[in-house]
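Please look over the sequence and the model shown below before reading on.

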Amino acid sequence: MPDSPFRFSMIEPDAKAPTLKRLRQLSRLLDNVITIPGTKIGVGLDPIVGLIPIGGDFLGVMFSSYIILEAARLGVSRATLSKMVLNVIVDGLVGAVPILGDFFDFAWTANTYNIKLLEDYLKFPSQQKSADRWFIFGVLVGLLLIAIVLVALPVILVRMLWNALTGG
C-alpha cells in the first residue's frame, strides 16, 4: 500500500501489553484515581477538570481522545472505535451542561468503558477487521470538532446571557 499523506503508525505486537498497561493507568487517573473514604466510589481527574469553566470539558475530551488514538494504533476495529467515540461524545456533551453535567461526569466513566472495549477487542482481534487510516483520521477530526464546540458553546451562551441582562 503506498504511503498516504496521513501516515499512521501501528503499534508492534510486542508493545501491545505495555501500551495497554499505560492506557489502563491513564483511564484510572481520569476516572477513579481517588477513592472517597468509606465508599467504593472513585473520582478521577476528568470530572475535576470538567469543573473548570469553558475549557474543562475540552481537556477531558482531549485526554479521552488519546485513549482512542492509541486503540486505533493497536488495530482496533471500526465498530469498537465507534463505540469508544460515542462514549466520549456522551461524556463531553452531557458533561458540558452546567451543574448536572458535573454530577454526570462523576458517574459516567467513559475512559473505563473504553478500556473495557479495548480489552474485549484484544482478546479476539481476528474476529473483526481493523479500522483504516481514513476512518481513524475522520474520528480524530470529529473529536476535535466536538471539543471545539465544548469551548464555543459556553462562550456563546454566556455572551447571550450577558446581553440579555445588560440590554446590549
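Which residues form a nonpolar patch on the surface, and what accessible area do they have together? The patch consists of Leu93, Val149, Leu153, Ile156, Leu157 and Met160, with about 550 Å² of accessible area together, where a patch of this kind is made of residues with over 30% relative accessible area and no salt bridge, nonpolar side chains (Val, Leu, Ile, Met, Phe, Trp, Tyr) being joined within 5 Å. Accessible areas come from the Shrake-Rupley method with a 1.4 Å probe, and for residues only the protein chains shown count as cover. Helix 7, which spans residues 133-166, gives the most to the patch, namely 5 residues. One member, Ile156, has its place in helix 7 and counts as partly exposed at 46% relative accessibility; buried means under 20% relative accessible area, exposed over 50%, and partly exposed in between.

The model is predicted, so that local features need pLDDT of at least 70 and side-chain atom pairs count only at pLDDT 80 or more, while totals for chains, interfaces and linings use all residues. Residues are numbered from 1 along each chain as its sequence is written, and side-chain values use heavy atoms, with hydrogens and water left out.

As for the chain as a whole, 7 helices and 2 strands are found, in the order α-β-β-α-α-α-α-α-α from the N terminus on; helices (H or I, at least four residues) and strands (E, at least two) are DSSP runs, numbered from the N terminus. Buried residues make up 34% of the 168 residues. Of the contacts (heavy atoms within 4.5 Å) with a separation of 6 or more, 71% are accounted for by residues 24 or more positions apart. The chain exposes about 10100 Å², and carbon and sulfur atoms supply 70% of that area.

On a 1 Å grid over the protein atoms alone, a cavity is a set of points where a 1.4 Å probe fits but cannot get out, a pocket is an open set with protein on both sides within 12 Å along at least five of seven lines, and lining residues have an atom within 4 Å of a point. The largest pocket has a volume of about 290 Å³ and is lined by 15 residues, among which Ile54, Asp57, Ala96, Pro98 and Pro154 lie nearest its centre. Helix 7 supplies the largest share of this lining, 4 residues. The largest cavity holds about 40 Å³ of space, and its lining includes Asp46, Gly50, Asp57, Asp91 and Asp105. To that lining helix 3 (56-73) and helix 4 (78-95) each supply at least two residues, helix 3 giving the most, with 4.

The charged side chains form 4 salt bridges, a salt bridge being a side-chain nitrogen of Lys or Arg within 4 Å of a carboxyl oxygen of Asp or Glu. In one of them the closest N and O atoms of Glu70 and Arg22 are 2.8 Å apart; because Glu70 lies in helix 3 and Arg22 in helix 1 (residues 16-31), the pair ties together parts that are 48 residues apart in sequence. Glu70 is buried, with a relative accessible area of 3%, whereas Arg22 is partly exposed at 36%.

Key: Buried means under 20% relative accessible area, exposed over 50%, partly exposed in between (1.4 Å probe, protein chains only). Patches are made of residues with over 30% relative accessible area and no salt bridge: like charges are joined within 9 Å, nonpolar side chains (Val, Leu, Ile, Met, Phe, Trp, Tyr) within 5 Å. Grid points are joined across faces, edges and corners, and a volume is the space filled by probe spheres set on the points.
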